[in-house]
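Hi,

Here is the structure I promised to hand over. Please look through it first; my notes follow below.

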Amino acid sequence: MPTVRELDPGEEHLATSALLELRPHFAGPEALVEAIALQRPAGYRLLGSFAPGDDQAAAVAGFRLVRMLAWDLSLYVDDLVTRPEHRGAGHATALLRRLDEIGREAGCRELHLDSGVQAERQAAHRRYFGPG
């Protein structure tokens with residue numbers, strides 16, 4: 001069973017292995033940690049899902065609470081990614097459940113997740129393309 005917890009400021013390094021799968025344009029873990037630090041003051045938060053015995057998060061969700069005219073108070077998911085070797089183990093589901101709880105606790109009316117589904121990311125998006 002995955003363990004999900006929010007990563008405190010200073011723990012961003014625990015998310016870099018997963019986030020670099022989604023955001024490979026960053027030069028490396030240090031550049032990614034710096035970029036996250038710049039977003040934290042604007043409300044950016046990180047959840048990590050951890051597999052037993054692994055220090056790096058198996059999956060990560062980057063999110064923020066936003067208030068917009070169109071949606072009122074909502075939870076917006078900027079980033080959701082699972083490291084390839086951990087896909088299919090329930091990490092994304094565990095993160096989405098916790099995101100839903102956080103949104104409900106905050107009084108959000110909606111949860112928004114935008115995802116690019118280009119061909120090279122189809123393996124990571126199995127849950128979106130499943131039988132429906």
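**Contacts around R40**

R40 touches L7, D8, P9, E12, R45 and L46, with residues up to four places away in sequence not counted. Contact here means heavy atoms within 4.5 Å. R40 sits in the loop between helix 2 and strand 2. At 16% relative accessibility, R40 counts as buried. The cut-offs are under 20% relative accessible area for buried, over 50% for exposed, and partly exposed in between (1.4 Å probe, protein chains only).

**What you are looking at**

This is a predicted model, in which local features need pLDDT of at least 70 and side-chain atom pairs count only at pLDDT 80 or more, while totals for chains, interfaces and linings use all residues. Residues are numbered from 1 along each chain as its sequence is written, and side-chain values use heavy atoms, with hydrogens and water left out.

pLDDT is the predictor's confidence in each residue, from 0 to 100. Its mean over the protein is 90, and 87% of the residues reach 70 or more. Among the elements, strand 2 has the highest mean pLDDT (98) and helix 4 (residues 126-129) the lowest (50). Where pLDDT is low, the predicted coordinates should not be read in detail.

**Overall layout**

The protein has four helices and five strands. Both are DSSP runs, numbered from the N terminus: helices are H or I with at least four residues, strands are E with at least two. From the N terminus on, the order is β-α-α-β-β-β-α-β-α.

Of the 132 residues, 39% are buried. The protein exposes about 7,600 Å², and carbon and sulfur atoms supply 52% of that area. Areas come from the Shrake-Rupley method with a 1.4 Å probe; for residues, only the protein chains shown count as cover. Take the contacts between residues at least 6 apart in sequence: 58% of them join residues at least 24 apart.

**The cores**

A nonpolar core is a set of buried Ala, Val, Leu, Ile, Met, Phe, Trp, Tyr and Cys residues joined through side-chain atoms within 4.5 Å. The largest has 14 residues; L7, A15, L19, I36, L46 and V60 touch the most other members. Helix 1 (16-22), helix 2 (29-39) and strand 2 (45-50) each give two or more residues to this core. Helix 1 gives the most, with three. Apart from this core lies another, of 12 residues, including L47, L73, L75 and C108. In soluble globular proteins, nonpolar side chains tend to be buried together.

L46 is worth a look. L46 lies in strand 2 and is buried, with a relative accessible area of 0%. Leaving aside neighbours within four places in sequence, L46 is in contact with R5, E6, L7, E12, A15, L19, I36, R40, V60, A61, G62 and F63. With the same exclusion, I36 is in contact with E12, L19, Y44 and L46.

E6 belongs to strand 1 (residues 3-7). E6 is partly exposed, with a relative accessible area of 29%. Not counting residues up to four places away, E6 touches E11, R45, L46 and L47. The C-alpha atoms of E6 and L46 are 5.8 Å apart, across 40 residues of sequence. E6 and V60 are 54 residues apart in sequence and 9.6 Å apart in space, C-alpha to C-alpha.

**Helix 3**

Helix 3 (residues 91-106) has 16 residues. From first C-alpha to last it reaches 23 Å, close to the 22 Å expected at 1.5 Å a residue. That expected span is 1.5 Å times one less than the number of residues. H91, A92, A94, L95, L99, I102 and G103 are buried in helix 3. L96, also in helix 3, is partly exposed at 22%. Just after helix 3, G107 takes a positive phi of about 85°.

D72 lies in strand 4 (residues 72-82). Its phi is near 60°, a positive value in a residue other than glycine. D72 is partly exposed, at 30% relative accessibility.

How many aromatic pairs does a search of the whole structure find? The search finds one. The rings of W71 and Y76 have their centres 6.4 Å apart and their planes at 5°, so the pair is stacked. Rings of Phe, Tyr and Trp (its six-membered ring) pair if their centres lie within 6.5 Å; planes under 30 degrees apart count as stacked, over 60 as edge-to-face and the rest as tilted. W71 is partly exposed, at 23% relative accessibility.

Best wishes
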